[in-house]
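Student: Could you take me through one part of this model up close, the sheet, and then follow it out to whatever sits around it?

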Amino acid sequence: MKIIEVSNLKKSYGTNHVLQGVNFQAQSGEVIGVIGKNGAGKSTFLEILMTIKQYDAGTVIVLDENIESLPMNRLELVRKQISVVLQPTQFYKTLKVEELLKLFKAYYKSSIDIKKIIIDFKLEPHRKKYFDKLSGGWKQIVSLAIAFLSEPKLLILDEPTTGLDPHMRNMLWSYITDYNKRTGGTVILTTHNMDEIELYCDKVMLINNGVNEVFDTTEGILASGYKSINEFYLAKVSI
Ligand SMILES: Nc1ncnc2c1ncn2[C@@H]1O[C@H](COP(=O)(O)OP(=O)(O)OP(=O)(O)O)[C@@H](O)[C@H]1O
């Protein structure tokens with residue numbers, strides 16, 4: 001089943017023409033990495049898919065809805081099926097980790113067991129701590145745990161592993177892979193870590209000069225003669 005279909009997407013900030021014709025599709029159950037240099041437009045692209053950023057031209061279909069000028073009630077139905085990692089707000093400050101998880105479980109009407117989430121995300125030592133007092137990496141882990149609570153059809157993660165230590169990265173990737181296998185959910189993420197792309201992503205989209213210069217399976221890229229995704233990236237993208 002097609003989850004996302006993007007054609008000829010364009011987005012500029014004033015005279016900065018960031019996306020100049022991006023084409024992209026995601027099928028149910030795929031894990032897709034979006035790569036490109038700093039400022040290439042990856043976050044802009046993801047925010048458009050999250051339905052939180054306007055675009056200038058092109059077509060964006062998310063979960064069978066053309067999101068341009070969609071009435072608010074139908075846009076909300078689309079958003080309900082998407083999970084994103086939000087930047088923590090002030091509101092998080094006054095709550096402890098376990099309280100936050102319980103609150104979002106109730107909000108999402110999730111059937112996921114909070115105890116399992118705490119075990120899976122290694123949160124036991126932190127569950128009674130105030131969110132605000134956690135280190136940056138642990139705040140990120142809690143935000144990711146919350147994103148998974150809704151068991152979304154589509155999970156959009158902007159640099160989810162940045163700032164995480166190697167064990168936490170492995171833990172997060174195991175969780176993403178397991179979630180994807182268990183629920184058939186689609187994951188779209190950005191990362192600057194090419195090893196993660198090679199190990200865990202089914203497909204890769206390289207945004208370069210405003211377009212999807214490459215959009216292929218990880219195997220397809222490696223079969224075309226590159227020793228690694230890192231080598232592919234360095235060959236394709238100049239500073
Ligand atoms: N709200 C905004 N207003 C004006 N310019 C913006 C805005 N958001 C992003 N930009 C610009 O658009 C370009 C693309 O930014 P974006 O954050 O999408 O890139 P990115 O690929 O995610 O970069 P990075 O890898 O550094 O996170 C950059 O030149 C950035 O300065």
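**The sheet and its surroundings**

Tutor: Let's start at one pair: Lys-10 stands opposite Ala-57 in β4. Before going on, a word on the ground rules: this is a predicted model, where local features need pLDDT of at least 70, side-chain atom pairs count only at pLDDT 80 or more, and totals for chains, interfaces and linings use all residues. Residues are numbered from 1 along each chain as its sequence is written.

Strands here are DSSP runs of E, at least two residues, and helices are runs of H or I, at least four residues, numbered from the N terminus. Two strands pair if DSSP finds at least two bridges between them. β4 (residues 57–62) is joined to β1 by five bridges, and the two run antiparallel. β1 and β2 form a hairpin with two residues between them, and Gly-14 in the turn has a positive phi of about 60 degrees.

Put together, four strands make an open, antiparallel sheet in the order β2-β1-β4-β5. β2 (16–27) and β5 (65–66) are at the edges with a single partner strand each, so one side of each has no neighbour in the sheet.

Last, a helix pair. α3 (residues 97–108) and α5 (residues 136–149) pack at an angle of about 20 degrees with axes 9 Å apart; the axes are lines fitted to C-alpha atoms over the stretch in contact, and angles run from 0 to 180 degrees between N-to-C directions. That makes α3 roughly parallel to α5, a label for angles under 35 degrees. Residues in contact (C-beta atoms, placed from the backbone, within 7 Å) include Leu-100 and Phe-104 of α3 and Ala-145 and Ile-146 of α5. This contact has nine nonpolar, no polar and one charged residues.

How values were computed
Parallel < 35°, antiparallel > 145°, perpendicular 65-115°, else oblique. Contact = placed C-beta atoms within 7 Å. Nonpolar A, V, L, I, M, F, W, Y, C, P; charged D, E, K, R; others polar.
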